[in-house]
Amino acid sequence: TGKVKPLKYPVTASFAHSNFRLADLTGLEAALSPPAAIKGLEFRDNALGPSASVLSPLRHFTALKRLSLSHNRLEGELASKWLCLAKLDTLDLSNNGLTHVPQLAGCLPALERLILCHNHITSAPGLAALAAMTPAAASKLQELDVSNNNITAGAVATAGGGAAAAAGAGPSATAEDPELSSAVCARPFRI
(Lines give C-alpha, C1' and ligand atoms only; values in the text may rest on other atoms or scores of the structure.)
Protein backbone atom coordinates (compact mmCIF):
# COMPACT_ATOMS: atom_id res chain seq x y z
CA THR A 1 0.00 0.00 0.00
CA GLY A 2 3.06 2.19 0.14
CA LYS A 3 6.43 2.26 -1.50
CA VAL A 4 8.98 -0.24 -0.31
CA LYS A 5 12.14 1.53 0.77
CA PRO A 6 15.43 0.14 -0.56
CA LEU A 7 17.60 -1.71 1.94
CA LYS A 8 20.41 0.47 3.27
CA TYR A 9 22.38 -2.02 5.32
CA PRO A 10 23.84 -5.48 4.73
CA VAL A 11 21.35 -8.22 5.52
CA THR A 12 20.86 -11.94 5.34
CA ALA A 13 17.53 -12.88 3.82
CA SER A 14 16.08 -16.24 4.82
CA PHE A 15 13.52 -18.06 2.75
CA ALA A 16 14.09 -21.27 4.67
CA HIS A 17 11.70 -24.04 5.58
CA SER A 18 8.15 -24.81 4.58
CA ASN A 19 6.78 -21.28 4.89
CA PHE A 20 7.93 -20.56 1.34
CA ARG A 21 8.38 -23.72 -0.79
CA LEU A 22 9.96 -21.68 -3.58
CA ALA A 23 10.28 -23.50 -6.91
CA ASP A 24 12.34 -20.77 -8.59
CA LEU A 25 13.88 -17.39 -7.80
CA THR A 26 12.15 -15.26 -10.44
CA GLY A 27 11.77 -11.68 -9.24
CA LEU A 28 14.13 -12.13 -6.29
CA GLU A 29 16.36 -9.19 -7.24
CA ALA A 30 13.30 -6.89 -7.42
CA ALA A 31 11.98 -8.09 -4.07
CA LEU A 32 15.33 -7.61 -2.35
CA SER A 33 16.38 -4.23 -3.65
CA PRO A 34 19.16 -3.29 -3.97
CA PRO A 35 20.71 -6.73 -4.40
CA ALA A 36 24.16 -5.34 -3.48
CA ALA A 37 22.95 -4.89 0.12
CA ILE A 38 22.36 -8.63 0.55
CA LYS A 39 25.27 -10.50 2.14
CA GLY A 40 23.54 -13.82 2.81
CA LEU A 41 20.71 -15.84 1.26
CA GLU A 42 19.17 -18.92 2.85
CA PHE A 43 16.94 -21.18 0.74
CA ARG A 44 17.04 -24.33 2.87
CA ASP A 45 14.07 -26.69 2.55
CA ASN A 46 12.44 -25.22 -0.52
CA ALA A 47 11.58 -26.83 -3.84
CA LEU A 48 14.25 -25.25 -6.05
CA GLY A 49 15.08 -27.39 -9.06
CA PRO A 50 15.46 -29.77 -10.66
CA SER A 51 17.02 -27.50 -13.28
CA ALA A 52 19.80 -25.26 -12.02
CA SER A 53 18.58 -22.46 -14.31
CA VAL A 54 16.22 -21.52 -11.48
CA LEU A 55 19.33 -20.03 -9.86
CA SER A 56 19.99 -17.45 -12.60
CA PRO A 57 18.65 -14.48 -10.55
CA LEU A 58 21.51 -15.00 -8.08
CA ARG A 59 23.92 -13.31 -10.51
CA HIS A 60 22.47 -9.93 -9.44
CA PHE A 61 23.65 -10.39 -5.84
CA THR A 62 27.24 -9.26 -6.37
CA ALA A 63 28.03 -8.71 -2.66
CA LEU A 64 26.72 -12.11 -1.57
CA LYS A 65 29.02 -13.86 0.93
CA ARG A 66 26.89 -16.78 2.14
CA LEU A 67 24.49 -18.91 0.11
CA SER A 68 22.59 -21.97 1.30
CA LEU A 69 20.71 -24.04 -1.25
CA SER A 70 20.58 -27.17 0.90
CA HIS A 71 17.59 -29.51 1.03
CA ASN A 72 16.17 -28.56 -2.36
CA ARG A 73 15.58 -30.47 -5.59
CA LEU A 74 18.71 -29.51 -7.53
CA GLU A 75 19.72 -32.48 -9.66
CA GLY A 76 22.44 -33.65 -12.03
CA GLU A 77 25.36 -31.39 -12.81
CA LEU A 78 25.11 -27.84 -11.50
CA ALA A 79 26.41 -25.30 -14.01
CA SER A 80 28.85 -22.95 -12.30
CA LYS A 81 27.63 -20.00 -14.39
CA TRP A 82 24.71 -19.60 -11.97
CA LEU A 83 27.06 -19.39 -9.01
CA CYS A 84 29.91 -17.11 -10.16
CA LEU A 85 29.91 -14.65 -7.30
CA ALA A 86 33.28 -13.06 -6.54
CA LYS A 87 32.65 -12.40 -2.83
CA LEU A 88 30.95 -15.69 -1.94
CA ASP A 89 32.85 -17.40 0.89
CA THR A 90 30.32 -20.07 1.93
CA LEU A 91 28.30 -22.27 -0.43
CA ASP A 92 26.04 -25.01 0.92
CA LEU A 93 24.64 -27.35 -1.73
CA SER A 94 24.08 -30.28 0.63
CA ASN A 95 21.11 -32.64 0.55
CA ASN A 96 20.18 -32.27 -3.10
CA GLY A 97 20.44 -34.66 -6.02
CA LEU A 98 23.68 -33.39 -7.53
CA THR A 99 25.76 -36.00 -9.37
CA HIS A 100 28.89 -33.96 -10.19
CA VAL A 101 31.01 -31.48 -8.27
CA PRO A 102 30.48 -28.12 -9.98
CA GLN A 103 33.47 -26.50 -11.74
CA LEU A 104 33.80 -23.63 -9.27
CA ALA A 105 37.56 -23.08 -9.16
CA GLY A 106 37.64 -20.01 -11.42
CA CYS A 107 34.43 -18.29 -10.46
CA LEU A 108 34.50 -18.28 -6.64
CA PRO A 109 37.84 -16.69 -5.67
CA ALA A 110 36.78 -15.98 -2.06
CA LEU A 111 35.38 -19.48 -1.36
CA GLU A 112 36.24 -20.73 2.14
CA ARG A 113 33.53 -23.35 2.78
CA LEU A 114 32.02 -25.68 0.17
CA ILE A 115 29.44 -28.12 1.51
CA LEU A 116 28.34 -30.85 -0.91
CA CYS A 117 27.46 -33.67 1.51
CA HIS A 118 24.43 -35.93 1.09
CA ASN A 119 24.11 -35.73 -2.68
CA HIS A 120 24.57 -38.41 -5.34
CA ILE A 121 27.99 -37.24 -6.51
CA THR A 122 29.95 -39.86 -8.42
CA SER A 123 32.12 -37.70 -10.67
CA ALA A 124 34.58 -35.28 -9.16
CA PRO A 125 36.36 -33.22 -11.82
CA GLY A 126 35.40 -30.13 -9.83
CA LEU A 127 37.47 -31.44 -6.90
CA ALA A 128 40.52 -31.80 -9.11
CA ALA A 129 39.98 -28.26 -10.40
CA LEU A 130 39.77 -26.96 -6.82
CA ALA A 131 43.00 -28.74 -5.95
CA ALA A 132 44.72 -27.33 -9.04
CA MET A 133 43.92 -23.71 -8.20
CA THR A 134 46.77 -21.31 -7.68
CA PRO A 135 48.13 -21.42 -4.12
CA ALA A 136 46.74 -17.94 -3.38
CA ALA A 137 43.21 -18.90 -4.41
CA ALA A 138 43.40 -22.39 -2.93
CA SER A 139 44.58 -21.08 0.44
CA LYS A 140 41.17 -19.56 1.07
CA LEU A 141 39.35 -22.92 0.95
CA GLN A 142 39.18 -24.07 4.57
CA GLU A 143 36.36 -26.63 4.48
CA LEU A 144 35.27 -29.02 1.78
CA ASP A 145 32.56 -31.52 2.76
CA VAL A 146 31.73 -34.22 0.21
CA SER A 147 30.72 -36.85 2.76
CA ASN A 148 27.84 -39.23 2.11
CA ASN A 149 28.23 -39.29 -1.67
CA ASN A 150 29.42 -42.02 -4.05
CA ILE A 151 32.85 -40.61 -4.87
CA THR A 152 35.71 -43.07 -5.14
CA ALA A 153 39.36 -42.22 -4.80
CA GLY A 154 39.87 -43.23 -8.43
CA ALA A 155 37.24 -40.73 -9.57
CA VAL A 156 39.18 -37.90 -7.97
CA ALA A 157 42.56 -39.06 -9.25
CA THR A 158 41.39 -39.51 -12.83
CA ALA A 159 39.34 -36.34 -12.80
CA GLY A 160 42.39 -34.15 -13.13
CA GLY A 161 45.32 -36.48 -13.57
CA GLY A 162 45.79 -36.72 -9.80
CA ALA A 163 44.39 -33.92 -7.70
CA ALA A 164 47.12 -34.11 -5.09
CA ALA A 165 49.88 -33.87 -7.64
CA ALA A 166 48.25 -30.76 -9.10
CA ALA A 167 47.96 -29.24 -5.64
CA GLY A 168 51.39 -30.41 -4.49
CA ALA A 169 49.72 -31.88 -1.42
CA GLY A 170 51.16 -35.37 -1.38
CA PRO A 171 50.62 -38.65 -3.16
CA SER A 172 47.80 -38.91 -5.66
CA ALA A 173 44.70 -40.91 -4.80
CA THR A 174 44.03 -44.27 -6.36
CA ALA A 175 41.02 -46.55 -6.33
CA GLU A 176 42.76 -48.54 -3.56
CA ASP A 177 43.29 -45.42 -1.47
CA PRO A 178 39.95 -44.35 0.05
CA GLU A 179 41.58 -41.60 2.13
CA LEU A 180 41.07 -38.53 -0.02
CA SER A 181 41.86 -35.80 2.50
CA SER A 182 45.46 -35.48 1.36
CA ALA A 183 44.53 -36.11 -2.26
CA VAL A 184 42.20 -33.17 -2.64
CA CYS A 185 43.75 -30.48 -0.53
CA ALA A 186 46.08 -30.02 2.38
CA ARG A 187 43.37 -28.32 4.40
CA PRO A 188 40.88 -30.17 6.61
CA PHE A 189 37.79 -31.48 4.90
CA ARG A 190 35.29 -34.27 5.25
CA ILE A 191 34.68 -37.13 2.89
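Predicted model: local features only at pLDDT ≥ 70, side-chain atom pairs only at ≥ 80, totals over all residues.
Local features need pLDDT of at least 70, side-chain atom pairs count only at pLDDT 80 or more, and totals for chains, interfaces and linings use all residues. Residues are numbered from 1 along each chain as its sequence is written, and side-chain values use heavy atoms, leaving out hydrogens and water.

**View 1. Arg44 and Asp45 form a salt bridge.** A salt bridge is a side-chain nitrogen of Lys or Arg within 4 Å of a carboxyl oxygen of Asp or Glu. By this rule the model has 3 salt bridges. Side chains of opposite charge can pair when their charged atoms come close. Here the closest N and O atoms are 3.4 Å apart. Arg44 has a relative accessible area of 29%. That makes Arg44 partly exposed (buried means under 20%, exposed over 50%, partly exposed in between, with a 1.4 Å probe and protein chains only).

**View 2. Lys65 pairs with Asp89 in a salt bridge.** The closest N and O atoms are 3.4 Å apart. Lys65 sits in the loop between β2 (38-42) and β3 (66-68), and Asp89 in the loop between β4 (75-77) and β5 (90-92), so the pair ties together parts 24 residues apart in sequence. Strands (E, at least two residues) are DSSP runs, numbered from the N terminus. Lys65 is partly exposed at 33%. Asp89 is buried at 11%.

**View 3. A salt bridge joins Arg113 and Glu143.** The N to O distance is 2.8 Å. Arg113 lies in strand β7 (residues 113-115) and Glu143 in strand β8 (residues 143-145), so this pair ties together parts 30 residues apart in sequence. Arg113 is partly exposed, at 32%. Glu143 is buried, at 16%.

Technical notes. Helix = DSSP H or I, 4+ residues; strand = E, 2+ residues; numbered from the N terminus.
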